[in-house]
Every structure is written in C-alpha cells, then in structure tokens.
Amino acid sequence: MFPRPLTPLAVPKGAEPLGRTPRRAQMSRARAGLGGPPLLLPSMLMFAVIVASSGLLLMIERGILSEMKPLPLHPSSHKGAAWRGTAPKPGGLSLDAGDSDLQVREDVRNRTLRAVCGQPGMPRDPWDLPVGQRRTLLRHILVSDRYRFLYCYVPKVACSNWKRVLKVLAGVLDNVDVRLKMDHRSDLVFLADLRPEEIRYRLQHYFKFLFVRDPLERLLSAYRNKFGEIREYQQRYGAEIVRRYRAGAGPSPAGDDVTFPEFLRYLVDEDPDHMNEHWMPVYHLCQPCAVHYDFVGSYERLEADANQVLEWVRAPPHVRFPARQAWYRPASPESLHYHLCNVPRALLQDVLPKYILDFSLFAYPLPNVTREACRQ
C-alpha cells in the first residue's frame, strides 16, 4: 500500500555544536538516563561534517557559493526510495517524474541519508537518543491511529495546515477551511502521550513522513512572524536579543525591532538542542536516523507532496491539503536574498554550521551572497 521506506538521515549523536566547548558532565548525566545501549561517538561522521563545514565556510569567504548545482546522479535503481517520481502510488500507478533538477536533488538526498545513517554508532530508534533529544522528538511526532500514520511537524513548514488536516481526519473539524485560531495542542495525539510499547508499535507499523524547507528561508520566516507579529516572542526573545547585541539598548527594550542580523547573532550563541522549535534545526526536531521516515516532502512542492501523502494514507477524497490563503506572503527566495545581502559575511560563516546537516542532508544549496549577486 505504501512506498518503501527511505534509508533515513542521521544526526551526529552526542555531538556538541561547532565552536562550543563540550559539556562533559552534562553529557554524562544524559547518557546515564537513557536506559538503552551506550552512546557511541561516530567519529568518522563528525570528521566528515567538520570538513564539510570548513569547506562551506571557505566557499563563502571566496564568494564561491551555491550557483553550483549538484553533480547529476543516475543510479541504476531507485529501489527503496520513497521520493516523488520513484515511489509507486497505491494501486500501482506511477508518480509524475518532475523536472531533472528535482530528480537530482532527490538522488542526492537519498544517497546522503543512506551514507550518514549507515555509520556505526548512529541511533537506530528513539531509545538510542539522549533523554532530551528523545523528548523533543516524541513531542514533535503527531499520531493518526485511524489512518495509521505519524507526522513529524516542523514549525514554519506548513505545520499548522497539517494539524488542521489531522483534526479533520479525526472528525474534530468539519473541513480544512474552517476559520478559527489554531490550537496546536488540543485534539491532537503526540507520540510523547503514549507508553513506550505503544510508541514502538506505531514506529514499526505506521507510515511516517515529514516536510522540510530551505534552512535560511525557514529562519527568515520565523524571524518575520515571531518578531514582527507576536508580542509574546518580542517580550520573551526580542528584548533579550536587543540587550545582548545592540550597543546602548538600555535595560528594558521593547524587543519589537529586532533586526535579522541580530537574530542570527543570537542563533550563533544558542545550543541547537535547546533552541525554540521555530528555529531549531530539522535534524534535532525529527531525528531521521532514529525514525525511519517513509517520505520526506518539501515546502517547495508543498501542495502536490501533501496531497500525495493523503493518497498514500487513503484519506477520504474530500480531505485535501489547505490551499495557501491569497493574503499570505511567505518568505521567498527573493526576500531571503535581500536580507542575506545585508548580513555581514562573517556572521553567515558562524550561522551555517548550526544548520549544515539540514543543508547537506536535504540537498539545499548555500546562498549566493557574492558582491556580483547582491548588486542584482
């Protein structure tokens, strides 16, 4: 009925963010509470990540950025992949193959997932993770028992619309177009709500998926929404950011005028494991090596991918993914380019390592912030 699972992506387990001093005592305490096999540091993987990070930063410094496309990969077989254009629809129908660039990106993603997750010491299930990482993961996986699927939600990647769909499938809402303020907790079931044996059963038998987005575009979306519209975030995070990073800010800033560079400076100093979910890296939220996802959709093809998932889980024909509202203006590649061209290059060098796995594992290109590109 479902496409075969992807070979999942990995997170460098137990690894500290680049540029930080390891907190050995804290790591030891976390490992002691696992109740599972001891954590192993995947040194080969970490070496590869560090080398890749250094290479990316060198490319930024020299202005050689992501105008380069990945080399075309043409494996003889896509067996085991659940990407658009490679996975069968229920009933034996094939999917639209799409354009060649998309196929290249999917090949890169699949190969990277297999290579990274196959490293010794990588987690095989959530109980291989430190307690804090496992708690974050289970709190971000939504459950539909009626349609037997699990969805790992990523904030700023249309997760509100997916939650609306889940409520319709559960019979809580009449349709996805009901106008009401989204309650992100009520009438939803999370894996964290279930007992360990119930979690294991669903992870083994249910269809599992998530959706991803260009990492920096997602950050810009979070910045615009939370600091431009949400008073709670302005008071809780904005005021602190201004106090830390703006000279002469005073002791009680309003926090409603945080600049994008100030927000990025804040992220540089944050531990990804303890970030707010709206800007936490996707690999920290969804741990795709510990959870063997069957499908990874993209924000760039949101409606098509989402409706394909609904077909796979055999949702009723009248249930569709909500169309984007006419008034909604999402963060776009053009707006991201404008903002990044006004960010100091050294600051980008510090931010990118935080999200390097999101870039590389999901085949998103680095931003082109050369002087020539920024003059256009």
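Phenylalanine 209 is buried, with a relative accessible area of 0%. Buried here means under 20% relative accessible area, exposed means over 50%, and partly exposed is in between, using a 1.4 Å probe and protein chains only.

A word on the source. This is a predicted model, where local features need pLDDT of at least 70, side-chain atom pairs count only at pLDDT 80 or more, and totals for chains, interfaces and linings use all residues. Residues are numbered from 1 along each chain as its sequence is written, and side-chain values use heavy atoms, with hydrogens and water left out.

Now the overview. The protein has 15 helices and four strands. These are DSSP runs numbered from the N terminus: helices are H or I with at least four residues, strands are E with at least two. Of the 376 residues, 51% are buried. Take contacts between residues at least 6 apart in sequence: 75% of them join residues at least 24 apart. Contact means heavy atoms within 4.5 Å.

Back to the rings. The whole structure holds 25 aromatic pairs. Rings of Phe, Tyr and Trp (its six-membered ring) pair if their centres lie within 6.5 Å; planes under 30 degrees apart are stacked, over 60 edge-to-face, and the rest tilted. Phenylalanine 209 forms a stacked pair with tyrosine 151, at 5.1 Å centre to centre and 25° between the planes. Tyrosine 151 sits in strand β2 (residues 149-152) and phenylalanine 209 in strand β3 (residues 207-212), 58 residues apart. Tyrosine 151 is buried too, at 1% relative accessible area. Ring pairs also build a cluster: Phe149, Tyr151, Trp162, Phe207, Phe209, Phe211, Phe295, Trp312 and Phe321.

Next, leucine 169. It lies in helix α5 (residues 159-169). Its relative accessible area is 4%, so leucine 169 is buried. What does leucine 169 contact, leaving aside its neighbours within four places in sequence? Arg146, Tyr147, Phe149, Ala315, Pro316 and Val319. Leucine 169 and alanine 315 are 146 residues apart in sequence, yet 7.4 Å apart in space, C-alpha to C-alpha.

On to helix packing. Helix α7 (residues 215-229) meets helix α9 (residues 260-268), their axes coming within 11 Å and crossing at roughly 110°. Axes are lines fitted to C-alpha atoms, for helices over the stretch in contact, and angles run from 0 to 180 degrees between N-to-C directions. So α7 and α9 are roughly perpendicular. The cut-offs: under 35 degrees is roughly parallel, over 145 roughly antiparallel, 65 to 115 roughly perpendicular, and the rest oblique. Leu219, Leu220, Tyr223 and Phe227 of α7 touch Phe260, Phe263, Leu264 and Leu267 of α9. That contact has eight nonpolar residues, no polar and no charged. Nonpolar covers Ala, Val, Leu, Ile, Met, Phe, Trp, Tyr, Cys and Pro; charged covers Asp, Glu, Lys and Arg; the others, Gly among them, are polar.

Helix α7 also meets helix α12 (residues 333-340), with axes within 10 Å and a crossing of roughly 85°. Leu216, Glu217, Leu220 and Arg224 of α7 contact Pro333, Ser335, Leu336, His339 and Leu340 of α12.

Last, backbone. Most residues other than glycine have a negative phi. Arginine 148 has phi near 55°, a positive value. It lies in the loop between β1 (141-144) and β2, and is partly exposed at 34% relative accessibility. Arginine 314 has a positive phi of about 60°. Its loop runs between α11 (302-312) and α12. At 53% relative accessibility, arginine 314 is exposed.
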